[in-house]
Amino acid sequence: MSQNPPAKVGFVSLGCPKALVDSERILTQLRAEGYVISPSYEGADLVVVNTCGFIDSAVAESLDAIGEALQENGKVIVTGCLGAKGDVVRKTHPKVLAVTGPHATDEVMQAVHTHLPQPHDPFVDLVPPQGIKLTPKHYAYLKISEGCNHRCTFCIIPSMRGDLVSRPIGDVMKEAEALVKAGVKELLVVSQDTSAYGVDIKYRTGFWGGRPIRTRMTELAAALGELGAWVRLHYVYPYPHVDEVIPLMAEGKILPYLDVPFQHASPRILKAMKRPASSENNLARVRRWREICPDLTIRSTFIVGFPGETEAEFEELLGFLEEAQLERVGCFAYSPVEGATANALAGPVPEEVKQARLERFMTVQARISADRLKRKIGQTLTVLVDEIDEGGAVARSAADAPEIDGLVHLPRSRKLKAGEFAQVLIEDSDEYDLYARPV
Ligand code: SF4
């Protein structure tokens with residue numbers, strides 16, 4: 001009996017960790033239904049492109065990727081944040097088969113079914129229980145919610161992804177358990193606003209392993225901490241209840257690492273940005289966190305040159321950096337995003353002033369970051385080895401999230417295995433990275 005060759009789908013995944021999780025869900029569903037994932041455009045029967053629409057350069061990259069897929073393959077389905085931005089995709093690439101917004105696995109699957117009939121008999125057994133992951137085997141992003149209830153004036157994510165919808169805590173825990181069982185050593189908790197987890201469902205009580213557990217960040221962090229993997233919290237805003245997770249860090253239940261996008265330090269600018277927790281005294285909060293957990297690494301991002309930012313307000317931000325001594329910091333010069341309400345604010349900062357402020361900011365932070373890393377020389381740290389190559393090994397400590405933070409560089413050694421933990425002695429440091437040897 002002759003059998004039709006399996007239907008093959010190519011996949012291009014762009015954007016942030018939240019988009020990556022959307023890609024993983026679509027890939028998992030495709031595999032669950034018996035589709036084969038093609039590693040090349042030519043071998044694929046159609047291509048799905050998961051896009052990013054956050055800033056203008058991401059829009060351009062996404063449109064290029066769609067163009068390339070159309071040229072190389074011809075049958076293209078577009079999903080992701082750019083898909084939610086009106087007609088942008090169809091205007092540039094009228095030949096695409098379908099366009100959906102982000103977290104739209106069902107719509108993408110419907111479009112796939114329309115243009116590439118479903119293979120006979122789904123081989124559900126072929127899909128590993130933890131789903132398909134695009135990250136290396138030893139770490140995984142765990143998305144706990146979709147959307148956001150805030151309306152920061154520089155951001156269009158809520159208009160693309162909608163209001164906050166928290167995943168049931170039982171489902172999140174089941175996924176986390178399956179990941180750890182499959183060998184994942186580090187869980188990266190992501191969402192638009194991790195501190196708001198459960199607000200939309202009034203912190204409803206769910207169940208995990210027959211045990212009642214509230215849908216709330218602290219309870220989630222404590223439960224994840226029982227799984228025996230590294231647990232890293234991203235996108236946490238400085239609300240008072242965040243203080244509750246710091247003892248879990250001090251006790252070693254979850255990583256002493258907090259990704260808090262402060263964005264600015266001037267109360268007036270934070271208000272103009274409509275930032276969550278904008279009226280909190282962030283400096284006092286940072287100090288209290290460090291008292292409870294002295295090993296805490298704080299990661300943050302900032303925007304300089306926001307409309308109306310005066311020299312004095314910028315200097316207030318530099319003063320905050322000096323006082324807060326944050327370990328890991330990213331900074332962007334403000335750039336208007338199409339559709340953001342901040343575009344209408346008075347007093348746009350001239351481009352050269354923005355760039356000069358960005359440079360001044362980075363100079364101050366590079367010194368702080370280098371100082372803080374230098375203090376680690378002589379310490380023995382646990383690291384997770386990401387990669388081993390000819391030249392040696394690249395690992396990360398508790399202070400380093402993948403992709404965005406620094407690295408721990410190691411010489412080649414038989415003691416090191418990719419995807420495994422190792423104990424290392426820190427011997428040197430620079431502005432962003434550490435240099436160590438295994439012990
Ligand atoms: S918290 Fe603000 S910046 Fe973050 S997704 Fe929500 S609106 Fe955008």
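Which handedness does the crossing of α11 and α12 have? The crossing of α11 and α12 is right-handed, a term used when the near helix is turned clockwise from the far one, and left-handed when anticlockwise by less than a right angle. This is a predicted model, in which local features need pLDDT of at least 70 and side-chain atom pairs count only at pLDDT 80 or more, while totals for chains, interfaces and linings use all residues. Residues are numbered from 1 along each chain as its sequence is written, and side-chain values use heavy atoms, with hydrogens and water left out.

**Helix packing**

- Helix α11 (residues 311-324) packs with helix α12 (residues 351-374) at about 15°, their axes lying 10 Å apart, where axes are lines fitted to C-alpha atoms over the stretch in contact and angles run from 0 to 180 degrees between N-to-C directions.
- α11 and α12 are therefore roughly parallel, a label for angles under 35 degrees.
- Helix α10 (residues 282-292) and α11 cross at roughly 10°, with axes that come within 10 Å, and α10 passes α11 in a right-handed crossing.
- Helix α6 (residues 169-181) and helix α7 (residues 217-224) cross at roughly 25°, and their axes come within 11 Å.
- Helices here are DSSP runs (H or I, at least four residues), numbered from the N terminus.

**Ligand surroundings**

- Around the ligand (a heavy atom within 4 Å) are C148, H150, C152, F154, C155, I157, P158, Q192, Y237 and R275.
- This shell divides into seven nonpolar residues, two polar and one charged, with Cys, Tyr and Pro among those counted as nonpolar and Arg among the charged.

Definitions and conventions
Helix = DSSP H or I, 4+ residues; strand = E, 2+ residues; numbered from the N terminus. Parallel < 35°, antiparallel > 145°, perpendicular 65-115°, else oblique.
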